Amino acid sequence: MVRKFVPGVSNRWLVTHCLRWCFLLINTSFMGISVTSGQDWQAGFAKLDITPTEPIRLSGYATRSEPFTAVADPLAARAMVLQRTGQADSSITMLVSFDSIAVTAGMTSEVSSWAEETYQIPRSAIVLCSTHSHTAPHLHGGLNNLYREPLSDEQATATERYTDFVTSQIKQAVAQAMAARRPAKLSFALSSADFAIQRRVIRDGKWANFGETPEGSVDRHVRVLICKSPDEQVLGAAYMYACHCTTMGPEFNQVSGDWAGLSASRLEQIHASAVFLPVIGCGADANPTPRTGYDFAQQHAAAMVDSVE
């Protein structure tokens with residue numbers, strides 16, 4: 001979700017709307033419940049690798065013109081499905097989070113149509129979100145006006161292949177999550193992380209440039225939806241923070257999930273067999289600080305891990 005920065009205007013309504021979608025459209029009556037019983041829900045999680053294996057241009061910055069030079073950390077597609085049980089309404093809700101610059105319209109259409117046909121999950125109960133990493137590959141059909149130097153024919157073909165691969169992996173992750181459903185207890189938690197900062201510089205009431213505005217509007221809450229087994233084992237979680245994944249600048253031409261992907265991977269190391277889905281909230285106006293550099297991405301990832309833990 002992108003909006004103009006307006007001094008003095010609260011982000012509260014934006015956060016409310018983003019939560020409605022990013023946390024799986026769970027009805028508002030649930031949001032006031034701290035824990036539900038294992039008989040009320042089933043949850044399934046899955047994670048698949050989407051790291052590119054052939055030369056491809058990274059997205060996020062207009063000045064990039066060459067394929068990536070290395071893989072700093074792997075990329076992943078993560079899926080979570082929730083199903084109400086023991087009630088008349090046993091509908092399934094589905095969240096996918098993947099390390100990418102964006103979700104294209106074509107990917108959304110293909111995955112949602114497939115999920116509805118295969119599992120009867122309605123489009124209104126499906127959320128596809130990217131981590132908006134600026135060190136992830138470009139996707140076919142997304143940000144077509146980004147580059148100063150257009151994709152060559154060879155690069156465009158490689159981008160199409162990669163986009164098809166990611167779409168296929170998302171479907172497989174959803175299928176695995178559906179097969180992995182088991183009784184679950186759900187809870188909702190609120191934490192915080194302090195590395196997001198308002199990135200719009202305003203002069204005389206107008207946007208002047210990118211930078212840092214310490215007194216500017218920013219939401220540093222971390223919202224966490226946790227799924228545990230009846231015996232209190234962590235099955236997985238989704239967590240949302242409103243901040244760009246722009247810790248590295250255009251000079252960093254390596255594949256990385258930035259703080260979002262790095263934090264998810266670290267949480268999965270801490271909680272073996274669990275899957276953690278990072279969700280970027282209404283972060284169009286927020287950059288991580290400090291930046292730029294890979295060490296800073298690791299620093300922000302550690303801060304997010306601490307927050308979620």
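The exercises below, each with a worked solution, concern a predicted model of a protein chain.

**Exercise 1. The chain as a whole**

**Exercise 2. The nonpolar cores**

Find which residues have the most contacts inside the largest nonpolar core, and state which element gives the largest share of this core.

Solution. The largest nonpolar core holds 31 residues, and the ones with the most contacts inside it are Met-94, Val-96, Phe-98 and Ile-170. Two or more residues each are given to this core by strands S1 (41-49), S3 (76-84), S4 (92-98) and S5 (126-130), together with helices H3 (105-119) and H4 (153-179). The largest share, seven residues, comes from H4. As a further step, follow Ile-170, which, once its neighbours within four places in sequence are left aside, is in contact with Ala-77, Val-96, Phe-98, Met-107 and Val-111. Apart from this core lies another, of 23 residues, including Leu-267, Ala-274, Ile-280 and Val-305.

**Exercise 3. The surroundings of Cys-129**

Decide whether Cys-129 is buried or exposed, and list the residues that Cys-129 touches beyond four places in sequence.

Solution. First place the residue: Cys-129 lies in strand S5. Its relative accessible area is 9%, and because buried means under 20%, Cys-129 counts as buried. Not counting residues up to four places away in sequence, Cys-129 touches Leu-95, Val-96, Ser-97, Phe-98, Val-103 and Val-279. For a distance along this part of the chain, compare Cys-129 with Asp-99: the two are 30 residues apart in sequence, while their C-alpha atoms are 9.0 Å apart in space.

**Exercise 4. Strand S10 and its partners**

Work out how strand S10 pairs with S6 and with S11, and then identify the bridge partners of Val-224 in these strands.

Solution. Start with S10 itself, which spans residues 221-228 and is mostly covered, six of its eight residues being buried. With strand S6 (residues 182-192), S10 pairs in the antiparallel sense over eight bridges; within this pairing Leu-190 has Arg-223 as its bridge partner, and Ala-189 has Val-224. With strand S11 (residues 234-241), S10 is also antiparallel, joined by six bridges, and here Val-224 stands opposite Tyr-239. The hairpin of S10 and S11 has five residues between the strands, and in this hairpin Glu-232 takes a positive phi near 75°. To extend the picture, note that S6 is joined to S1 by three bridges, again in the antiparallel sense, with Ala-43 standing opposite Arg-182.

**Exercise 5. The second largest pocket**

Give the volume of the second largest pocket and describe the classes of residue in its lining.

Solution. The volume of the second largest pocket is about 420 Å³. Its lining is made by 18 residues, of which Gly-60, His-134, Arg-199, Phe-210 and His-244 are the closest to the centre. Sorted by class, the lining has eight nonpolar, seven polar and three charged residues.

Conventions:
Residues are numbered from 1 along each chain as its sequence is written. This is a predicted model: local features need pLDDT of at least 70, side-chain atom pairs count only at pLDDT 80 or more; totals for chains, interfaces and linings use all residues. Side-chain values use heavy atoms; hydrogens and water are left out. A nonpolar core is a set of buried Ala, Val, Leu, Ile, Met, Phe, Trp, Tyr and Cys residues joined through side-chain atoms within 4.5 Å. Buried means under 20% relative accessible area, exposed over 50%, partly exposed in between (1.4 Å probe, protein chains only). Helices (H or I, at least four residues) and strands (E, at least two) are DSSP runs, numbered from the N terminus. Contact means heavy atoms within 4.5 Å. Two strands pair if DSSP finds at least two bridges between them. On a 1 Å grid over the protein atoms alone, a cavity is a set of points where a 1.4 Å probe fits but cannot get out, and a pocket is an open set with protein on both sides within 12 Å along at least five of seven lines; lining residues have an atom within 4 Å of a point. Grid points are joined across faces, edges and corners, and a volume is the space filled by probe spheres set on the points. Ala, Val, Leu, Ile, Met, Phe, Trp, Tyr, Cys and Pro count as nonpolar, Asp, Glu, Lys and Arg as charged, and the others, Gly among them, as polar.
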